[in-house]
Amino acid sequence: MTTIDATRIKRQHTSRLRRGDLLSTLVYFSVAIVLAIFLADGGAAYFTNIRDLATGVGIVTGLIGSDLLLVMLLLAARIPFIDRTFGHDTALAQHRKLGKPVLYLILAHMVLLLIGYGISAGLNPIAEAIDMFFNMEHLWMAFIGMALMILVVVTSLVIVRKKLAYQFWYLVHLLSYGAVLAALPHQFSAGMLFADGTWARYYWMAFYVITLAAITIFRVIIPVALSLKHSLVVSEVRVEAPGVVSITMTGRRLNELKGKGGQFINWRFWAPKLWWVSHPFSLSAAPDGKSLRITVRDLGDTSHRLLTIPTGTKVSFEGPYGIFSESARTTTKAVFIGAGVGITPIRAMLEDPKLKANDATVILRGTTEQEVFLWQETYDLCVAKHASLRVLVGKRPPGVATWLSAEAYSSGERLSTLAPDIKHSDVFICGPMQWTDLVVRDAKRAGVPDRQIHAERFEF
Amino acid sequence: MRARSAFFAGAGSVAIIAIGWQAGVGTLVSSLPTSAPAASGTTASAGTAAGTTTAGNSAGAGTTGTTSNTSTSPSAAAPAAPAAPATGTVADGTYNGQTINTRFGTVQVNAVISGGVITDVVAVKLTDQGRQSVNISNQAAPMIRQEVLSAQSAKVSNIGGATYTTQGYLMSLQSALDAAGFTG
Amino acid sequence: MSVHSFESMGTVVSVRLGTAEVNSGSETHSEESALTASREVVALAAARQAFDALNERFSLYRESSEISQIARGELLLSDSSERMRDAYAQALLWREATNGAFTPHRPDGVLDLSGTIKAVAIADAAAAIHACGFTAFSINAGGDILTHGIPNDLATGAGDSEADANADADGDANGDADGDADADAENVRGWVTGIVDPQNRTELLSVVTLTPELPAMATSGSAERGDHIWARPGATNDFLQATVIAADIITADVCATAIIAGGQETLNHLTEQFEIAVLVVTASGELLANPRFPALVAR
């Protein structure tokens, strides 16, 4: 039994790796293709003398910058293929990593071309900018797009973002679509790289069309369609512990809702003062075809209102997303480590029929006993799966950066003692950000390979 | 990314770029004589990669001394005047010139050689009005006086200019010519 | 080559006559000369007549001309002669073609066809000269030039008849058998023609070769009819002078006039619209030329 299981998991893992490689390769190829388009149009000529150097580099940076910008949009488009391969949070992390480089590339594009074309026309860059602004079709829109982009990236810088309300930041971020659309026409009209009749034009158009179509389909159309199809309503709100409730929802054709334990969903509850926010919550029980359940903790903000949500409230959703689930398995053994509300996806994963007996170790963490919610359910599941369960209650030891409780720490417990087989296990970690980072650090120190560490940090 | 895939991605990317490079090289002239560039001095720009003498210049290269204005006249390629070629070394025919990039678009010029002299420079890759690039194949562009200066003044038989009156004629060059050739 | 000139339309017309088509060749040499001379007289008379006839009808400087009668309102355009109406229609067509830069209507409402009439006169005169059998000749009417054929000798006109005689004997059209040192390939291509510098009328801006493909050259300037420079009413101030080389003299003349009147925009429009070679002197003294022009410069 274990051998068959191992083969299945290995095959699943290899398949996921292959998909990942394919996507990465496509990104590299996309950059290579724009460079090839540039060269095929005789672009090498720009680099043969100093004066055209600025213009040449300006064009190249623009090409690569907008190519990667489209990649960024695709990463955030919630395309199922990408989600199944990398996981939505990894995709978003990559999206964020590309933000500043893309901005620099496009800024360089603008500045260098103003310099380069300015030299050719005998104008200083500012005069050149004014000349282009008024005389070249569509360029005024490109300038506006540039301004929007700068605004978007600046507000997304961590240091600025912390100071902004999430809603405000989100609205500003949506302006990036405006930036992309504003900059779109000038790419086809100014400069002849994408001239009428060239294959490059069709390629570039197709790239844009596919990207915008993907965004429209996967971020708007499908979520709306699914919400309408399943027509979720709140059926029960049960208090698990002070400040913690489980919300159960029923709807139509829930058996058709594809989802795995551990995945999360963006929820929007249509109740006063709740409808303008969407919350990401993991299902706290694997979808059983009849209802969906989430377990929510009061974090002091809008989630406070969730505790008193009336039954019958309509719910729309986006998802399920994420590979914090059985899909991410690479090996037969598993260790689940959860803290606070991070326990919820773990508890859902424990229900997965593919999880075999004796293969799992579960470690739960909470400052107080009450914080280890769903404990009873988790306990029952562990018994059923013959999984070993350790619960660590209590505050951190003062002055030590560790994820363990003071008691466990002082009695010498470490990951390797709590889960002796951890090196050969998939480690699923879910909890508050900083805590999760500490667990990941310890897992790496314990010799767990990167591919076996699956962390879900709650931040969106 | 796994090592093997990374290698494939890298190799594939290089291949794609190489194909683009090759396609671009195909538009560069390799057979025109590398005679002295036209006296305009503007061919010092992108036109020297393959020793072309007549390929159009990059954006605004022809605007020597004139400031760019905001009219519809583009500061785009002014084809250099045909240089005095080394006669007898070049076969007659049409040569593909370089692809020149201007901010109004890409232009490719062909040079027509006949009898060892460049007789025509034709822009072949044009952009059309719809995208705010102007058809430069026939447009007038700035030209330096040296380019149109000729040493053949002595052989002139007629002189054109703005209309002169009878009075003006008497003081014009044409009257001098006529007097010299007048056979009564 | 013989050079002749006569006055008409307020300016001087210079005519250069080259070879005339020779007949069976049975005449003696003196008969030849006499024949040529009388041919020339007839041709010149015909040319002059072409100018005078048009001048009589279309000159606004002549009180009795048909166009002056129309200007005074004594004659309705609809009642005017067929030639007048044809000329008017032709001018209107050119107005269309140049998007209004060239127009036969003066700002004060008077119909002024002088823009086309001189060119028509040159064309008519050329037709007349050609009908007399001349295969190579040029007409320069006040700075607008129409050529025909290719001059088979140089401006010096030396040894013309002899060369012709030799040519007859050998049955060879080009009489360069005496090996004139200057008869190199370039000059045989067409008429070597200078373009005056508007800022210094004793200097030449350029020298071009007018060929059978592009035999006509017209120049229009903001300095007209004399050394004084005054702006034409309605003209823009972009250009000092525009020289247009075209396949026919009327196109060249109208385009040159239109470019001076309409400025840069008209220049762009016409260079695209017509197969012309253009050399323009801007108000700041700089030159503009379209790609066809440098190919015509005589080197």
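Predicted model: local features only at pLDDT ≥ 70, side-chain atom pairs only at ≥ 80, totals over all residues.
Which residue stands opposite A277(C) in strand 9 of chain C? The residue is I245(C).

**Strand 9 of chain C**

- Strand 9 of chain C spans residues 277-282, and six of its six residues are buried, so the rest of the structure largely encloses this strand.
- A277(C), L279(C) and V281(C) point one way from the strand, while V278(C), V280(C) and T282(C) point the other way.
- Residues on both sides of strand 9 of chain C are buried.

**Partners of strand 9**

- Strand 8 of chain C, residues 239-246, pairs with strand 9 of chain C in the antiparallel sense over six bridges.
- Strand 10 of chain C, residues 287-289, also pairs with strand 9 of chain C in the antiparallel sense, over three bridges.
- Strands 9 and 10 of chain C form a hairpin with four residues between them.
- G285(C), in the turn of this hairpin, has a positive phi of about 90 degrees.

**Backbone features of chain A**

- K273(A) is not a glycine, yet its phi is positive, at about 65 degrees.
- K273(A) lies in the loop between strand 3 (264-269) and strand 4 (279-282) of chain A, and it counts as partly exposed because its relative accessibility is 45%.
- H386(A), also a residue other than glycine, has a positive phi near 50 degrees.
- H386(A) sits in the loop between helix 12 (375-385) and strand 9 (388-393) of chain A, and it is exposed, with a relative accessible area of 54%.
- G319(A) and P320(A) are joined by a cis peptide bond, with omega about 0 degrees.
- P320(A) belongs to strand 6 (residues 314-321) of chain A.

Notes: Residues numbered from 1 in each chain as written. Chains lettered and ligands numbered in written order. Heavy atoms only, no water. Helix = DSSP H or I, 4+ residues; strand = E, 2+ residues; numbered from the N terminus. Buried < 20%, exposed > 50% of the residue type's maximum accessible area, 1.4 Å probe, protein only. Pairing = 2+ DSSP bridges.
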